[in-house]
Amino acid sequence: MFRNVAELVELAESENIQISEVMIRQEMEVKQLTREQVFSQMERNLDVMEKAIEDGLKGVKSHSGLTGGDAVLIQNYMKNHTPLSGNLLMDAVSKAVATNEVNAAMGTICATPTAGSAGCVPGTLFAVKNQLNPTREQMVRYLFTSGAFGFVVANNASISGAAGGCQAEVGSAAGMAAAAIVEMAGGTPSQSAEAMAITLKNMLGLICDPVAGLVEVPCVKRNAMGSSNAVVAADMALAGVTSRIPCDEVIDAMYKVGQRMPSAFRETAQGGLAATPTGRELEAKVYGISLKKE
Amino acid sequence: MKFRSVFDIIGPVMIGPSSSHTAGAARIGRAARHLFGREPKYAHIHLYGSFAKTYKGHGTDVAIIGGLLDYDTYDERISQSLVTARKNGMKIRFHEEDAHTDHPNTARVKIGDDDGELELVGISIGGGKAEITELNGFELRLSGSHPAILLIHNDRYGAIASATAILAKNEINIGRMEVSRKAQGEQALMVIEVDQNIDDSILDELERADHITQVAKISD
């Protein structure tokens, strides 16, 4: 069983297999399942992700009314304009937003690695898909590759916003997505690790400060930016750019930053955007409470 | 290693909005339901840390009660669970606690009916994964990486032997085992971590064994 990114990459490169294959084989061994069983379970997760994106692109609204409809706005913009940041990037952004809007509306999603960060992995997958034309099997493999990197983060640091801030959630999700894009685009296992490192480095310190304690503001847009971060980092890694700080050390740094983060910035709705005047006003409106009470 | 499966990371499929505050909370409620063995008539839920501060927005309340109704993380009935539970006659109270706990997402669940009561402490550690850290006053040290059987029994000679004999007969290997009791001759708890998943028929057999009063399993 691999314990860190270095071991994961070493396993893949020494046996000349993909990261996704290392993850599949480990899962078969740990759970005593056949390849077909492991694969079909992941394929069901892929189906859930695809359905969530479809629903989000039709337009949804959360119960609080704080989020919803932005995925539709972005798709409409793409139909009428050429986005300055490029079609693929904006497509990824809209599909990440779609997923998180469905999540905020208490729809059905697949946590990747969490619900609040559920947009990055499927958002990038269903955007990159249009350019790389992967088989269904390669799309399922994308999820195993993401999962392999998330597995390392979860065991060596944290994937919980309450424990490590948003960097642990959207930071991890974006890094996982970057690594999976690289594999799908034909990059090497170590390039996947570089993409993960580059992404996570740029999400370090991100706090978890949900307005009114809801997984809506700023979570939905953080998934949008996490997805764009992932696509850019994947391109950089595929170009041969490497991270001066190895991936495992970046993960460890993320863990230590999270440990020193005050509780106000770890999903308590006590600090950051949640504590802004507008954040407080929205909170009061959502719960129907008087602001003076506080 | 706390996380052993790729499906802890890519998954679970769940009703939004939060894996730790909704899906993890539902799993804590469901663990309590399974350990209790039936739908309780009352539920006192004490919430700590981030759970206490944000439970309404995240639907932690409906998720825990959904778990008590035996709903899984993806069950769409979760959103209506409070209504359903009250209609079934369940008396529900939530308590927001200020006390500091080791983990920011901690819930103490006290449930019961005329025939019995159960109290457990669960923590939601991220990505929908939950751990039970205390049961009826017994501190649990489950690794979380293997299926486990929890047996509440009377502190009498032969209780342990009758349980392990049943596992041996069914060719179930024990990886780790711990026995604790409140006082000599009183209620005791066996925690048995095993290598394979346990069939319900084996649980039934354990429940019928001498001195054993309650049986539950916690899956991998």
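Mentor: Terms first. On a 1 Å grid over the protein atoms alone, a pocket is an open set of points with protein on both sides within 12 Å along at least five of seven lines, and a cavity is a set where a 1.4 Å probe fits but cannot get out; lining residues have an atom within 4 Å of a point. Grid points join across faces, edges and corners, and a volume is the space filled by probe spheres set on the points. This is a predicted model, with local features needing pLDDT of at least 70 and side-chain atom pairs 80 or more, while totals for chains, interfaces and linings use all residues. Residues are numbered from 1 along each chain, chains are lettered from A, and side-chain values use heavy atoms, without hydrogens and water.

Trainee: What volume does the second largest pocket have?
Mentor: About 760 Å³. Its lining has 35 residues, and those closest to the centre include A:Ala163, A:Arg266 and B:His103.

Trainee: Switching to chain B. Which domains does the assignment give?
Mentor: Domain 1 (13-134) and domain 2 (146-216), with bounds from an automatic or database assignment. Their C-alpha centres lie 26 Å apart.

Trainee: How many residues are in contact between them?
Mentor: Four of domain 1 of chain B with four of domain 2 of chain B, where contact means heavy atoms within 4.5 Å.
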